[in-house]
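Welcome, and please open the model in your viewer. We will walk through it one selection at a time.

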Amino acid sequence: MKSFLLTIQLCLWTGVSHLLWAQLPPVFEPIYDGKVQKDELTRVFISPQRVLWKYAGDGTLVSHEEELLKQGNSQTELGGKNMCEMVSTENEVASILLDYGKEIHGGLQLVLGGSTRREPSLVRIRFGESVGECNSQTRNYEWGVGYATDDHAKRDITMEIPRDGLIEIGNTGFRFVRIDLLQKNTTIHIKEARAILRYRDIPYLGSFKSNDERLNKIWLTGAYTVHLNMQEYVWDGIKRDRLIWLGDMHPEISTITSVFGNNEVVPKTLDLACQQYPLPQWLNGMSAYSLWYLIIQYDWYQHSGNLDFLKKHENYILGLIDLIDGKIDVNGKEQLAAERFLDWPSTPNKEGVEAGYRALIVWAMQDAAKLCGILGQSAAAEKARACVERMNKYVKDHHQLKQAASLMAIAGIMDPKKACDEVVSVGGAKDFSTFYGYYMLQAQAKAGEYQQAIDIIRQYWGGMLDMGATTFWEDFNLDWTKNATRIDEMPVSGKKDIHGDFGAYCYPGFRHSLCHGWASGPTAWMSEHILGVKILKAGCKVIKIEPHLGDLQWVEGTFPTPYGLIEIKHSRRANGTIESTVKAPKGVKIIK
């Protein structure tokens with residue numbers, strides 16, 4: 001990952017970007033005054049890392065493709081010779097498939113040379129998060145459903161390109177690009193085919209390094225997954241849905257606070273979410289996601305200590321508490337909504353989802369009571385605590401659902417050790433999910449099962465890396481890996497496509513997002529439990545350092561606070577005890 005960031009020749013350590021209004025040339029004034037906004041994100045260009053495949057017919061349809069791997073300058077050259085040549089005939093289409101090495105958010109910049117036509121030439125450009133997606137059609141007809149794979153961001157575009165010019169195409173999540181020359185009996189020359197990476201130019205303040213390179217890579221991959229989703233707002237995925245989903249945001253916020261610290265995109269996103277879904281609507285139209293909003297607000301305040309932002313949301317928080325309170329009767333039966341949602345893989349287990357959903361209400365109202373205490377709203381705090389008491393009168397069985405048992409352990413409804421012994425730790429990574437896997441790991445931490453959690457991180461999230469992932473996926477099942485090709489491999493006869501042949505619910509086949517922020521949980525988990533960073537006082541004013549190395553020999557890293565970085569190093573002595581060195585900025589008290 002670090003080498004990838006270096007290849008784009010850009011230093012990330014330049015501070016937090018801010019929303020700016022563009023300074024226009026004087027000719028635009030005063031007509032456009034106040035109507036033009038500067039892009040707060042950064043664009044950089046990345047050359048392909050390799051030509052993965054080409055269709056050249058008898059060998060002459062595509063030539064000099066290695067020129068595309070060179071560094072470009074976004075400037076064409078008349079009569080330029082060092083260019084990739086593509087030739088189409090009456091019956092054959094020249095094609096080339098490029099690999100940019102890492103998942104990217106953005107588009108493609110083509111710099112074109114001369115052509116045998118004076119008119120523009122017709123090409124087909126396909127973006128893909130996997131090789132299979134890049135070679136596929138845009139609808140999953142084989143699934144018997146009408147789901148498009150490019151409904152949130154176009155990935156399959158047929159268009160005309162100029163000669164001796166430049167054109168930019170697309171805005172999506174991708175790693176691979178396929179170019180087909182559709183114009184018959186035509187020769188074109190491509191000088192450059194560089195990816196446009198559009199991202200938030202911020203430093204990786206938090207860090208994690210241990211003697212286990214697999215864990216190190218998992219930590220950084222989770223960080224990069226969320227980084228790509230920190231666009232104008234915090235998205236769920238860069239290909240799909242490119243929306244603000246409050247439930248998805250909780251693992252993302254945990255990762256942001258562990259890696260990027262107090263970044264402006266978080267409050268900005270929460271502000272917009274509340275504007276989009278004013279009370280009495282549920283956020284995202286889902287009662288569970290309104291519950292996650294309360295948990296996010298508490299976690300964000302714990303890290304940032306920003307009381308002004310919390311007060312800005314005070315009326316919304318109080319109104320949401322009233323809304324929830326009015327839907328829970330004296331016996332703990334609730335009617336928040338007819339539809340219950342935890343995550344997609346848990347959906348078939350209706351009884352388990354019900355138990356987990358009730359635990360989520362308890363967790364959210366526990367945090368709501370704490371928020372009201374901070375805001376000095378004692379009556380509302382008591383109302384939230386009363387909701388918890390009523391809910392705990394009627395506790396449902398977890399029904400062998402790991403998602404439910406994990407939430408019940410976190411909410412204090414169920415003993416964490418019992419939850420892990422009965423469900424969460426049974427079968428190891430079996431039935432883990434990319435979203436709720438974070439809470440399964442948290443339940444294991446509460447039960448003291450740190451080694452089991454570390455092993456699952458290596459196996460489950462590491463399993464995605466083994467299949468070519470450079471960001472973490474919307475969903476994943478270790479069973480998918482059996483006799484399957486990696487996302488960076490061409491199809492192999494007799495093998496499954498790890499991307500196109502799996503998925504379910506709203507993400508069948510290639511609609512499945514391979515860069516989904518909710519899958520970043522291990523990054524936050526490793527900072528909290530292996531580095532051992534636990535916030536005890538809002539604003540990171542008091543931090544407890546309690547490392548759990550499992551089978552690691554050493555770990556070191558940093559954790560961002562509003563006062564600066566905490567530098568941490570833990571080493572295992574010969575007798576098995578841990579030696580810790582912690583350096584904290586002024587204003588942060590460390591408890592060991």
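Sorted by class, the residues lining the largest cavity are eight nonpolar, one polar and two charged. To see them in this predicted model, select A355, R358, A359, V362, M391, N392, Y394, V395, K396, M408 and I413. The space they line has a volume of about 70 Å³. Now colour helix α9, residues 350-375. Four residues of the lining come from helix α9, the largest share.

How do we find such empty space at all? Rolling a probe the size of a water molecule over the atoms shows where it is left. In this model the count is four cavities of 30 Å³ or more.

**Next stop: the second largest cavity**

Select L112, G113, G114, S115, E119, P120, S121, I161, P162, R163, I188 and H189, which line the second largest cavity. Its volume is about 60 Å³. This lining divides into five nonpolar, five polar and two charged residues. Which strands each supply at least two residues of this lining? Colour β5 (95-115) and β9 (186-199) to see them. The largest share, four residues, comes from β5.

**Next stop: salt bridges**

The model holds 45 salt bridges by count, and we will visit a few of them. Begin by selecting D39 and R198, whose side chains meet in a salt bridge with 2.9 Å from N to O. This pair links distant parts of the chain, 159 residues apart: D39 sits in the loop between α1 (2-7) and β1 (42-46), and R198 in strand β9. Is each partner buried or exposed, or in between? D39 counts as partly exposed at 37% relative accessibility, whereas R198 is buried, with a relative accessible area of 13%.

Now move to E40 and R200, where another salt bridge joins the side chains at 3.3 Å, N to O. E40 lies in the loop between α1 and β1, and R200 in the loop between β9 and β10 (207-210), so this pair ties together parts that are 160 residues apart in sequence. Both E40 and R200 are buried.

For another pair, select D488 and R486. Their salt bridge brings the closest N and O atoms to 2.8 Å apart. D488 is buried, with a relative accessible area of 12%, while R486 is partly exposed at 29%.

**Last stop: T257**

Is T257 buried or exposed? With 9% relative accessibility, T257 counts as buried, because the cut-off for buried is under 20%. Show the side chains around T257 and look for its contacts: leaving aside residues up to four places away in sequence, T257 touches W300, H303, F559 and P560.

Then look at S254. The backbone oxygen of S254 lies 3.0 Å from a polar atom of the T257 side chain. To end the tour, select E314 as well and use the distance tool between C-alpha atoms. T257 and E314 are 22 Å apart in space, C-alpha to C-alpha, and 57 residues apart in sequence.

How values were computed
Residues are numbered from 1 along each chain as its sequence is written. This is a predicted model: local features need pLDDT of at least 70, side-chain atom pairs count only at pLDDT 80 or more; totals for chains, interfaces and linings use all residues. Side-chain values use heavy atoms; hydrogens and water are left out. On a 1 Å grid over the protein atoms alone, a cavity is a set of points where a 1.4 Å probe fits but cannot get out, and a pocket is an open set with protein on both sides within 12 Å along at least five of seven lines; lining residues have an atom within 4 Å of a point. Grid points are joined across faces, edges and corners, and a volume is the space filled by probe spheres set on the points. Ala, Val, Leu, Ile, Met, Phe, Trp, Tyr, Cys and Pro count as nonpolar, Asp, Glu, Lys and Arg as charged, and the others, Gly among them, as polar. A salt bridge is a side-chain nitrogen of Lys or Arg within 4 Å of a carboxyl oxygen of Asp or Glu. Buried means under 20% relative accessible area, exposed over 50%, partly exposed in between (1.4 Å probe, protein chains only). Contact means heavy atoms within 4.5 Å. A polar contact is a pair of N or O atoms within 3.5 Å; within protein, one must be able to donate a hydrogen and the other to accept it, and residues adjacent in sequence count only if both atoms are side-chain atoms.
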